Amino acid sequence: MDHFGFKQGEIYAEDLPVSKIAADVGTPFYCYSTETLIRHYNVFCAAFSDQDFLLCYAVKANTNQAIIKTLAQQGSGADVVSEGELRRALQAGIPARKIVYSGVAKTEQEMAFALNQGIFQFNVESQPELHQLSRIAESLGKTAAIAFRINPDVDAKTHAKISTGKSENKFGIPLSRAREIYAEAAKLPGIRVQGVDLHIGSQLTDLEPFAEAFRRIVTLVEDLRTDGHEITVLDLGGGLGIPYDRATTKPPLPTEYGEMAKKIVGHLGCKIIIEPGRLLVGNAGILVSKVIYIKQGEGRKFLIIDAAMNDLVRPSMYDAYHEIVAVKQNDANLSTYDIVGPVCETGDTFARDRELPELESGDLVVIRSAGAYGAVMSSTYNTRRLIPEVLVKGGEYAIVRPRPSYEEIIGLDSLPTWME
Ligand code: LLP
C-alpha cells in the first residue's frame, strides 16, 4: 500500500496534489512519501517483534539523507556497501552499532574507516578480504566482528542481473567451504566471528528460494556451533519483491516472509538481521514527468516525456515494468502509446503498448514504484541535469535534493594547463 492515490480526479502524494508540486518544482522530479516509508518499516518490524531483531535498511536503494534520516528516526539500522554509504548512514544519524557492511571488495581504506567508527559487523565475502581485514584491525588495535556471506547456491528466480545466490555468481563463499574458512578466521588476530550472512538476490516474488537458502544456513549454523564457534547473529539479507505490476504480481507480504523465516531459523536463538531496500522505499516513491510531444510513428504512437533513461534506468537495464499513469483522470478515449524519453538511444524506452487516456503536450504522468534504485542510479548522460527529489509529509513538502544548474555540471570538468 502506498500514499499516492487519486482524490478529486488527480493523483495526490499524501495530502498534496502532485500537479501542485510539479508547478512549483518543475518536471521531472522524484517524489517520496514519508507516511509510506514509515508504514513499510513498521510492517517489517512487526513481523519480527517477538525476536531479537535489527532491520538494517540497504541504503543503496535510496541514499537521500532525508530518506535515511526518516528511517533512522524510527530506529532503523543500515546495510552499507561502501565508505560513501557508511558516511551517508552515519551523517543521517544511524549509530555505528546498528550498521553492517556488505560488499564484495572492501578496500583497505574503507575497512580502516569502518573499524574506526566501530560498526556492528563486517559481512566478509572471501579469504583475501578476511586476511586483509585481520591485518588492518590488528594494526589499528581493533577487533572486527564478522559474519561470512555464504553463497547457498539457490536459484532466486529473479532477473539474472540481480540474482546473487547461485554458485556461478561472484558473491559470498561457497557453502561447501564454509566450515574450513570459519576455522581459519577463528585463529586470526583482530577478528571475532559472530555470525552468518546471506543475500540471494533482489525482487524475489516467491518465498521458496528464501526458505531453501535459510534451511541450508540453519544446518551450517548447527555445524559451526559443533565446531566450537559462537554464532549469535544471523543476517538474512534483503530481496523481498514489490508489486511493480499490481494487476499481475502479488509478492508475499513482510508478515508472511517473517513467519516463514522465524519458523526456519527461530530456534537458533540468534539475533536476526534483515537488509531490505526495495521493499521500504520502492513504492514510497514516484517519478513525475511531463509530456513533451506526442509523435505518430508508422504503426506506433510515441508519448515522449521529459524524463529519460538517465533519470530511471531500470526499464532499459533490467527490462523492468513500472506502472505509468496520467496524473489527471479524464474521460478521453484510451490510446496505446510507447512511452519514451528524449535520450538518443532506442533503449530510452519506459514502456511499450501502454493504454492511457489521450494526452497532450504539457500533461503530467507518473511512473510508479520508482523510490528504489531510481535516483541513486541516475546519471547526467546527454548532459541532462540530475532531477530534484521531493519529500512529502502530510500537507507539506520539501526539496531534499535540488536540481543542479548547468554551470555546476559543466564546472565539474577542468581543463589541462596546456589549453589555458
Ligand atoms: N543486501 C545486499 C547485500 C544487497 O546486495 C542488496 C541489493 C540488498 C541487501 C537489498 O536488496 P533489496 O531488498 O532492495 O532487494 N538495481 C537493481 C537492484 C540491485 C540490488 C542489489 N543488491 C534494481 O533496480 O532492480
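Which residue lies over the face of phenylalanine 113? Arginine 87 does, at 4.1 Å from the ring centre, and a charge is said to sit over a ring if NZ of Lys or CZ of Arg is within 6 Å of the ring centre and within 35 degrees of the ring normal. The charged end of arginine 385 likewise sits over the ring of tyrosine 406, 4.4 Å from its centre.

The model is predicted, and local features need pLDDT of at least 70, side-chain atom pairs count only at pLDDT 80 or more, and totals for chains, interfaces and linings use all residues. Residues are numbered from 1 along each chain as its sequence is written, and side-chain values use heavy atoms, with hydrogens and water left out.

Taken as a whole, the protein chain has 12 helices and 21 strands, where helices (H or I, at least four residues) and strands (E, at least two) are DSSP runs numbered from the N terminus. A compact globule of 420 residues would have a radius of gyration near 22 Å, and the 23 Å of the protein chain agrees with this; the radius is taken over C-alpha atoms, and the globule rule is 2.2 Å times the number of residues to the power 0.38. Along the principal axes, the C-alpha atoms fill a box of roughly 70 × 60 × 40 Å. Of the 420 residues, 56% are buried, which means under 20% relative accessible area, while exposed means over 50% and partly exposed lies in between (1.4 Å probe, protein chains only). Among contacts (heavy atoms within 4.5 Å) between residues at least 6 apart in sequence, 69% join residues at least 24 apart.

The structure also holds 9 aromatic pairs, counted where rings of Phe, Tyr and Trp (its six-membered ring) have centres within 6.5 Å, with planes under 30 degrees apart called stacked, over 60 edge-to-face and the rest tilted. In one of them, phenylalanine 44 and tyrosine 257 have ring centres 5.9 Å apart and planes at 80°, so the pair is edge-to-face. This pair links distant parts of the chain, since phenylalanine 44 is in helix H2 (residues 34-47) and tyrosine 257 in helix H9 (residues 254-265), 213 residues apart.

Another pair joins tyrosine 101 and phenylalanine 122, whose ring centres are 6.1 Å apart and whose planes are at 15°, so the pair is stacked. Here tyrosine 101 belongs to strand E7 (residues 99-101) and phenylalanine 122 to strand E8 (residues 121-124), 21 residues apart. Tyrosine 101 is buried, with a relative accessible area of 0%, and phenylalanine 122 is buried as well, with 2%.

Helix H9 itself has 12 residues and reaches 16 Å from its first C-alpha to its last, close to the 16 Å expected at 1.5 Å a residue, the expected span being 1.5 Å times one less than the number of residues. Its buried residues include Pro254, Tyr257, Met260 and Ile264, and the buried residues of H9 pack against H2, helix H8 (208-226), strand E12 (233-235), strand E13 (271-274) and helix H10 (278-281).

Finally, leucine 90 lies in helix H4 (residues 83-91) and counts as partly exposed, at 24% relative accessibility. Not counting residues up to four places away in sequence, leucine 90 touches Ala96, Ile99, Phe113 and Gln117.
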